[in-house]
Amino acid sequence: MPTVFVTGANRGLGFEHVKQYAHKGWKVIACARNPEKADQLLDLQNTYGKNLIIEKLDVTNHDSIDSLANSYQDM
């Protein structure tokens with residue numbers, strides 16, 4: 001199964017990419033600065049289950065980027 005990593009996944013083009021890839025059956029790693037407030041993204045996760053993973057990521061914080069990258073290093 002293909003996997004896609006989307007930043008800014010809680011709104012705009014990022015959210016649309018998440019919807020399209022999830023609908024096609026891809027595994028989606030959806031990143032948002034405040035995922036707990038991303039209601040539409042959380043609703044999508046209820047629809048697509050474990051194929052839609054939501055991660056906290058602030059792309060302006062290098063420690064945040066490194067931490068998330070390390071968590072997927074062995075994937």
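So, the right-handed β-α-β unit: that's built from E2, H2 and E3, and keep in mind this is a predicted model. The two strands, E2 and E3, run parallel to each other and pair over five bridges. If you want one spot to look at, take Val 28, whose bridge partner in E3 is Leu 52.

Okay, now the inside. Which residues have the most contacts within the largest nonpolar core? They're Val 6, Ala 9, Val 18, Val 28, Ala 30, Leu 41 and Leu 52, in a core of 13 residues. So that bridged pair, Val 28 and Leu 52, turns up here again. Two or more core residues come from each of these elements: strand E1 (3-6), helix H1 (12-23), strand E2 (27-32), helix H2 (39-48) and strand E3 (52-56). H1 gives the largest share, three residues.

Have a look at Ala 9 while you're in there. Skipping neighbours within four places in sequence, Ala 9 touches Gly 14, Phe 15, Val 18, Ala 30, Cys 31 and Leu 41. Cys 31, by the way, belongs to a second, separate core of five residues, along with Leu 57, Leu 68 and Tyr 72, among them.

How many aromatic pairs does a search of the whole structure find? One. That's Tyr 21 with Trp 26, tilted, 4.6 Å centre to centre with 50 degrees between the planes.

Definitions and conventions. Residues numbered from 1 in each chain as written. Predicted model: local features only at pLDDT ≥ 70, side-chain atom pairs only at ≥ 80, totals over all residues. Heavy atoms only, no water. Core = buried A, V, L, I, M, F, W, Y, C linked by side-chain atoms within 4.5 Å. Buried < 20%, exposed > 50% of the residue type's maximum accessible area, 1.4 Å probe, protein only. Helix = DSSP H or I, 4+ residues; strand = E, 2+ residues; numbered from the N terminus. Contact = heavy atoms within 4.5 Å. Pairing = 2+ DSSP bridges. Right-handed = clockwise from strand over helix to strand, strands pointing away. Phe/Tyr/Trp six-rings, centres within 6.5 Å; stacked < 30°, edge-to-face > 60°.
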